Amino acid sequence: AGTPLERLATIQAGSRQLWQGLKAMEGVTTLLPEPPPAGLVSFTLQGAATADVVEQLGAQGLWIRRLDDPDCLRACTHITTTAQEIEALLTALGALA
């Protein structure tokens with residue numbers, strides 16, 4: 001899987017892809033103003049209850065979590081996360097927005 005720096009770069013590339021996709025979506029606000037330094041991407045989806053979003057995505061086999069404080073959604077990328085999986089999540093979120 002590469003060196004620790006190569007693994008981190010892979011994780012960061014995935015989180016950057018997700019963060020950029022979220023930034024381009026109407027009704028989505030990322031908690032960080034720039035791509036995250038690791039694989040955690042937190043965001044809100046305007047007009048949607050976080051628990052409902054998690055449930056709807058889970059029904060599609062897309063697993064993210066919700067946080068209570070602040071009330072937001074969090075997706076995680078890892079060295080095994082593919083660009084296609086990120087695009088599937090973005091597509092599903094776009095359908096909910």
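In what order do the four strands form the open sheet, and is the pairing parallel or antiparallel? In this predicted model, the order is 1-2-4-3 and the pairing is antiparallel. Strand 1 and strand 3 are the edge strands, each pairing on one side only. Averaged over the sheet and with direction ignored, neighbouring strands are turned by 35° against each other.

Strand 2 and strand 4 run antiparallel and are joined by four bridges. Across this pair, V41 has A75 in strand 4 as its bridge partner. Helix 1 lies across strand 1, strand 2 and strand 4, and runs at about 15° to strand 2.

| strand 1 | 28-30 |
| strand 3 | 65-68 |

The largest nonpolar core has 20 residues. Two or more of its residues come from each of helix 1, strand 2, helix 2 (50-59), strand 4 and helix 3 (83-96). Helix 3 gives the largest share, five residues. The residues with the most contacts inside the core are L18, L22, F43, L57, I64 and L93. In soluble globular proteins, nonpolar side chains tend to be buried together.

Which residues does I64 contact, leaving aside its neighbours within four places in sequence? The contacts of I64 are F43, V54, L57, L73, R74, A75 and L89. Among them, A75 is also the bridge partner of V41, while F43 and L57 are listed with I64 among the residues with the most contacts inside the core.

Technical notes
Residues are numbered from 1 along each chain as its sequence is written. This is a predicted model: local features need pLDDT of at least 70, side-chain atom pairs count only at pLDDT 80 or more; totals for chains, interfaces and linings use all residues. Side-chain values use heavy atoms; hydrogens and water are left out. Two strands pair if DSSP finds at least two bridges between them. Axes are lines fitted to C-alpha atoms, for helices over the stretch in contact, and angles run from 0 to 180 degrees between N-to-C directions. Contact means heavy atoms within 4.5 Å. A nonpolar core is a set of buried Ala, Val, Leu, Ile, Met, Phe, Trp, Tyr and Cys residues joined through side-chain atoms within 4.5 Å. Buried means under 20% relative accessible area, exposed over 50%, partly exposed in between (1.4 Å probe, protein chains only).
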